[in-house]
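I opened this notebook to record what I looked up in the model. The entries follow the order in which I consulted it.

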Amino acid sequence: MKIYPIQTGNFKLDGGAMFGVVPKSIWQKTNPADANNMIEMGMRSLLIEDGNKLILIDTGMGNKQSDKFFGYYYQFGDFSLDSSLAAHGFHRDDITDVFLTHLHFDHCGGAIQWNKDRTGYEPAFKNAKFWSNQEHWDWANHPNPREKASFLKENILPIQESGQLNFISEKPFQQIGFDVLKMDGHTEKQMLPKIFYQGKTIIFMADLLPTTGHIPVPYVMGYDTRPLLTIKEKEVLLNEAADKEYFLFLEHDAYSEICTVQHTNKGVRLKETYTFKDIFN
C-alpha cells in the first residue's frame, strides 16, 4: 500500500461560522482572519494505492459551479485535483474508488463535472465506484433547512444516475480496504476512514476536526447540526488518539497536513504537526 496527500484547492470561510461560540479573540490566534473575517481553508484528499485499487477519499468542491457561487468562497492558490494527481503519476481515469466522507459540496463537488457540451453532468471519475452509506445518502437527498445549501442536487443525483453509486456495509474493510468511523454531530453518518499504514494509524478527520485550531473539545463549528454530539464524539476520539498515538489527517487545515495530540491538564491539546513526508516514506 502507498498513500499520497492530494491537495485539491484552497478557499475561505467565515471564521465565526467555523468556530461557533468561540470568541474571535481566541480562534484568531490559530486561524487568522482577513479584513472580511474569512479564514484560509484547505481541501485536502487522500489517495490510497492498494494492489489494483486506487482509492480517492473526498474530491474537493470541483469547478462546475457558477462564478457567483465561487464568489462566496474566495478560492485561491494553484492547487487542483488533476495537477496533484499528476504529480504522483496518476490521472482521474485511473481512480477505481471514490470514498465520500459526506456529501457537503466541499467534500464531493469534484465527483461530478459538466459533460462535453455542458448540457448536463457526468461523473468526473468514469471508471470508479462511488462510496457513501444509505443513512447519509437518504439524509442528503431530503435535506433539512440548515444543511440544504450544502447538499447540492447537481453533486448528488448524477452519482446515482450513473449507476456507479455503492453503499458501505457494516464491514467496510472488506469492501474498501480500511475501517470506517461513523459520526453524527456534524451531519448524519459522516464517515471517517481509519487506515493502518506502515505500522501507524491514520484517521482522516474530515469535518470532525477541520483544523488544529479546533482541537479543544468545545471548539465546534457553527455548521454542525448537533454540536453537543460533536463535542462528545470529539472527546472520545481525541482521547483515544492521544492514548494510542494516532496520526490525524486534516482535510481543511490550510497550514498542516497531519497532527498528533496529547493529554494536558487542560484536556487534549496539540502535540505536533507534520507534513505527510515527515512521517511516511
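**Entry 1: histidine 136**

I began with histidine 136, which touches His102, Leu103, Phe151, Thr187, Glu188 and Lys189, with residues up to four places away in sequence not counted. Contact here means heavy atoms within 4.5 Å. I note that this is a predicted model, in which local features need pLDDT of at least 70, side-chain atom pairs count only at pLDDT 80 or more, and totals for chains, interfaces and linings use all residues. Residues are numbered from 1 along each chain as its sequence is written, and side-chain values use heavy atoms, with hydrogens and water left out.

Histidine 136 sits in helix H6. Helices (H or I, at least four residues) and strands (E, at least two) are DSSP runs, numbered from the N terminus. Is histidine 136 buried or exposed? Histidine 136 counts as buried because its relative accessibility is 1%. The cut-offs for relative accessible area are under 20% for buried and over 50% for exposed, with partly exposed in between (1.4 Å probe, protein chains only).

**Entry 2: helix H6 against helix H7**

I next examined how H6 meets H7. Their axes come within 10 Å and cross at roughly 130°; axes are lines fitted to C-alpha atoms, for helices over the stretch in contact, and angles run from 0 to 180 degrees between N-to-C directions. H6 is therefore oblique to H7. Angles under 35 degrees count as roughly parallel, over 145 as roughly antiparallel, 65 to 115 as roughly perpendicular, and the rest as oblique. The crossing of H6 past H7 is left-handed, a term that applies if the near helix is turned anticlockwise from the far one by less than a right angle, and right-handed if clockwise.

Which residues meet there? From H6 they are Trp137, Ala140 and Asn141, and from H7 they are Ile156, Leu157, Ile159 and Gln160. I recorded the residues of this contact as 5 nonpolar, 2 polar and no charged. In that scheme Ala, Val, Leu, Ile, Met, Phe, Trp, Tyr, Cys and Pro count as nonpolar, Asp, Glu, Lys and Arg as charged, and the others, Gly among them, as polar.

**Entry 3: the surroundings of H7**

H7 spans residues 153-161, and Asn155, Ile156, Pro158 and Ile159 are buried in it. The cover over the buried residues of H7 includes helix H5 (105-108), strand E5 (112-114) and strand E8 (165-167), as well as H6. After H7 comes glycine 163, with a positive phi near 80°.

**Entry 4: asparagine 133**

I located asparagine 133 in the loop between E7 and H6. Asparagine 133 counts as buried because its relative accessibility is 1%. Beyond its neighbours within four places in sequence, asparagine 133 is in contact with Phe167, Ile168, Lys182, Lys189 and Met191. Its C-alpha atom is separated by 9.3 Å from that of threonine 101, 32 residues apart along the chain.

**Entry 5: nonpolar cores**

How many residues does the largest nonpolar core have? I found 40 residues, and those with the most contacts inside it are Phe99, Phe178, Ile195, Leu248 and Phe276. A second, separate core of 25 residues includes Ile95, Val98, Ala111 and Ile159. Such a core is a set of buried Ala, Val, Leu, Ile, Met, Phe, Trp, Tyr and Cys residues joined through side-chain atoms within 4.5 Å.

Leaving aside neighbours within four places in sequence, the contacts of phenylalanine 276 include Ile3, Leu46, Tyr197 and Phe249.

Most residues other than glycine have a negative phi. Tyrosine 74 counts as partly exposed because its relative accessibility is 36%. Glutamine 198 also has a positive phi near 50°, and I placed glutamine 198 in the loop between strand E10 (190-197) and E11. At 38% relative accessibility, glutamine 198 is partly exposed.
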